[in-house]
Amino acid sequence: MIPKIETLKKIAEVGIVAVVRAENAEIATNIAKACIEGGVPAIEVTFTVPGADKVITALKEKFTKEELIVGAGTVLDSETARIAILAGAEYVVSPSFDLETAKLCNRYQIPYMPGCMTITEMVKAMEAGADIIKVFPGSVYGPSIIKAIKGPLPQAVLMPTGGVSLDNVAEWIKNGCVAVGVGGELTGGAKTGDFQLITETAKQFVEKIKIARGK
């Protein structure tokens, strides 16, 4: 199985991507470790983290490919996407759709997940080969938007980011999301240095997703 398909399969299986934003590389690494220990191997290191590419490389060196699926987040352009891929990113996530980034990711067979808010944006992203549409910011709409999108676009592969919590994650999944992206609701413990809380929260998210899928 080629790596791109394998990456998408792993993300779909766990159903959650941890969005890691941190002040420095050390905290980002500790957050990622806590998420992995909680059963969330899909880690999105945002390029708002200083030296994000080095964090990606460090995580790749620390964890095996069975333990970790690391991607780059907040990627605004193809130049940043290439830096991320060279650092070891296995998927690229953006807050918006960028055609040149889509082309670059397709060129190197790296999954691309652009942020979209409208049906028009989603169709354009899918036409450009986007593998998963990041419904962003999900907090603007709530879980009900997924069924609304799936009406005209049943083929859309959707992952909301923003507005996903332990209280509503089951609803997002039941409405048809392949996975969810979760930031502060999962990694909030890092603010007080409570990385064990992140691990426990990760376990709860994983369990709620399994139940929502009837597993």
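Two strands count as paired here if DSSP finds at least two bridges between them. With that in hand, the predicted model shows an open sheet of 3 strands, arranged in the order β6-β7-β8 with parallel pairing. The edges belong to β6 (115-116) and β8 (158-160); each has a single partner strand, so one side of each goes without a neighbour in the sheet. Strand β7 (residues 133-135) runs parallel to β8 and is joined to it by 3 bridges.

Thr161 sits in the loop between β8 and α8 (169-174), and with a relative accessible area of 8% it is buried.

Moving to another strand pair, β1 (residues 16-20) and β2 run in the parallel sense and are held by 3 bridges. Val20 has Val45 as its bridge partner in β2. As for β2 itself, 5 of its 5 residues are buried, so the rest of the structure largely encloses this strand. Both faces are covered, with Ala42, Glu44 and Thr46 buried on one side and Ile43 and Val45 buried on the other.

Helix α3 (residues 52-62) has two rather clear sides. Its buried residues are Ala52, Val55, Ile56 and Leu59. Looking down the axis of α3, these fall within an arc of 100 degrees, so they line one face of the helix. The face turned away from that buried side carries the exposed residues Lys54 and Glu61. On the buried side, the packing partners are α2 (25-37), β2 (42-46), β3 (69-73) and α4 (78-87).

Ile56 makes a handy example from α3. At 0% relative accessibility, this residue counts as buried. Not counting residues up to four places away in sequence, Ile56 touches Val45, Phe47, Val70, Gly71, Ala72, Ala87, Gly88 and Ala89. For one of these contacts, Val70, the C-alpha atom is 6.9 Å from that of Ile56, although the two residues are 14 apart along the chain.

Aromatic rings come next. A pair of such rings is described by how far apart the centres are and by the angle of the planes. The count here comes to 1 aromatic pair. The ring centres of Phe97 and Tyr112 are 6.5 Å apart and the planes stand at 40 degrees, so the pair is tilted. It links distant parts of the chain, 15 residues apart: Phe97 is in the loop between β4 (92-93) and α5 (99-107), while Tyr112 is in strand β5 (residues 112-113). Phe97 is partly exposed, with a relative accessible area of 27%, whereas Tyr112 is buried at 1%. Another ring, that of Tyr108, has Arg82 lying over its face, at 4.0 Å from the ring centre.

Definitions and conventions. Residues numbered from 1 in each chain as written. Predicted model: local features only at pLDDT ≥ 70, side-chain atom pairs only at ≥ 80, totals over all residues. Heavy atoms only, no water. Helix = DSSP H or I, 4+ residues; strand = E, 2+ residues; numbered from the N terminus. Buried < 20%, exposed > 50% of the residue type's maximum accessible area, 1.4 Å probe, protein only. Arc of directions from axis to C-beta. Contact = heavy atoms within 4.5 Å. Phe/Tyr/Trp six-rings, centres within 6.5 Å; stacked < 30°, edge-to-face > 60°. Lys NZ or Arg CZ within 6 Å of the ring centre and 35° of its normal.
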